[in-house]
There are 2 protein chains.
Amino acid sequence: MSLPESSQYIPHLAYDSVVFGFSRGKLKILLMEYHDTGLLALPGGFVKKNENLDDAVKRGLYERTGLKEVYLEQVHLFGKVDRFDPGIMKKILEANGYAVPDQYWMLDRFFSIAYYALIDWEKVTLKPDTLSDSIGWYEIDHLPDLIFDHNQIVSKALMTLRENLDRKLIGGNLLPEKFTMNELQSVYEAILGQKMRRTSFQRKMLSMDILDRHEKLFTGKSHKAPYLYSFKST
Amino acid sequence: MSLPESSQYIPHLAYDSVVFGFSRGKLKILLMEYHDTGLLALPGGFVKKNENLDDAVKRGLYERTGLKEVYLEQVHLFGKVDRFDPGIMKKILEANGYAVPDQYWMLDRFFSIAYYALIDWEKVTLKPDTLSDSIGWYEIDHLPDLIFDHNQIVSKALMTLRENLDRKLIGGNLLPEKFTMNELQSVYEAILGQKMRRTSFQRKMLSMDILDRHEKLFTGKSHKAPYLYSFKST
DNA sequence: CGCTTATTGTTTCTCTGTGAGACAATAATA
DNA sequence: TATTATTGTCTCACAGAGAAACAATAAGCG
């Protein structure tokens, strides 16, 4: 495997994806660990010279998760001069056994366009890329240090997600098709980082006329069984 | 004057600013008309190789309006392959008497990062750039056709401004320091594109505790004089 | 089976904020 | 002094959210 060639990609421009998932009551994101360096980073990539920006991000997401048709939103273009550190990039490449030329394009200044994605945790089959030996879920509340300005990117993505949450009714993208009201509320609580009142939440969701009610879910627990809901398809 | 050199700027990346102003009850934006072509476009520019993205946008804004310390928000990175038309760019350059080489960098594919700015209409001294022979205000409700995808950029910027309006209390950036409640309401109405109730608007603004009340404004009209307000500095 | 427990779905009461309109205050004019 | 236009405030009705009560029910246990 040889180094990616400059001629194939737009120089100076990368994308990074903050991929949100929800499991065991916690909001999590995907991080990659680069081979032999211990460095953690957001999954990202480059835009091909004849490729739409959105398509590039979708392609990268598909390669890491096997998912198409993912809910995606652009967050922000990060463009400070010092956000990128060529020394770190060189270290990552060299740890993979590449001989990196001095003027290599991946060592130049990079702008990064951040996106966030919402996915159903259960549908994912994770695949590391050629430079990383692992990809996995990390709790948003206990993130380790990431390379470059990736911690800032995550913060901004979470802010944007919170702002969009009510306006765009996107909470359901983190759940399987059918879910209980309690699970939906847990998603909202994990995203907003605060508890909500059960009765008010239920009343509000039902009054918005966006949910279909289905059969009850019998869990074997000794109490009233909750209904399952799904988001209306229209 | 010679053509801008590729070596000074980040290739493939431009910025475009939607500069909002408010006068005579109308919301307006700044547009440039390119010399001898009749083509209209948003004021924009390129990012220098060692310049922060935000600083580049501020620099461009300062050169066009003479304003520093402007309220700025990033809107969106536009990155479709076909958003840019090298033929139009070539036409603009040649109309200014430049001989454009075939591989000239400004004819390549371009991504554009859109910003919006809010400015006090009265403080501006407009200056066209070297390629354009006029810069001026155009009503947001009656915009002409713009080059590339600039009409789309304006729409998206207006959408973002509307979404941010209440959350960030930014309406005052379009007014002089002191203003009447009626003027503030007019700004909100122009941005949102709809009339609001005078009494409810006043009650809401006052209850938010963000305004200082000053002396009355005597206009010479035969009716009660309104108070002047300013946004609290804190 | 009857009782208990935990959780869910619904209802009630209260409080706040908004729409709609009434009403009082007032700067200039006739 | 009365009139006019506009402003600042108040009142009433209504909708939505917080808080809590209440009713329904699936399973466990005697």
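**Exercise 1.** How do the residues of the surface near DNA strand C divide into nonpolar, polar and charged?

*Solution.* Keep in mind that this is a predicted model. Start with who comes nearest: of the 21 residues around DNA strand C, these are A:His223, B:Thr199, B:Ser200, B:Ser222 and B:Lys224. Finally, sort by class: the surface near DNA strand C has eleven polar, five nonpolar and five charged residues.

**Exercise 2.** Now turn to the other strand. Which element gives the largest share of the surface near DNA strand D?

*Solution.* Begin again with the nearest of the 20 residues around DNA strand D: A:Thr199, A:Ser222, A:Lys224, B:His223 and B:Lys224. Two or more residues each come from H5 of chain A, and from helix H4 (181-192) and H5 of chain B. Among the contributors, H5(A) has the largest share, with three residues.

**Exercise 3.** Let us move to the protein-protein side. How many residues of chain B are in contact with chain A, and which element of chain B gives the most?

*Solution.* Count both partners: 18 residues of chain B touch 18 residues of chain A. On the chain B side, strand E1 (9-23), strand E5 (71-78) and strand E6 (111-118) give two or more residues. E1(B) gives the most, with four residues. By class, this side of chain B holds eight nonpolar, six polar and four charged residues.

Notes. Residues are numbered from 1 along each chain as its sequence is written. Chains are lettered from A and ligands numbered from 1 in the order in which they are written. This is a predicted model: local features need pLDDT of at least 70, side-chain atom pairs count only at pLDDT 80 or more; totals for chains, interfaces and linings use all residues. A residue is near a molecule or strand if its C-beta atom, placed from the backbone, lies within 6 Å of it. Ala, Val, Leu, Ile, Met, Phe, Trp, Tyr, Cys and Pro count as nonpolar, Asp, Glu, Lys and Arg as charged, and the others, Gly among them, as polar. Two residues are in contact if their C-beta atoms, placed from the backbone, lie within 7 Å.
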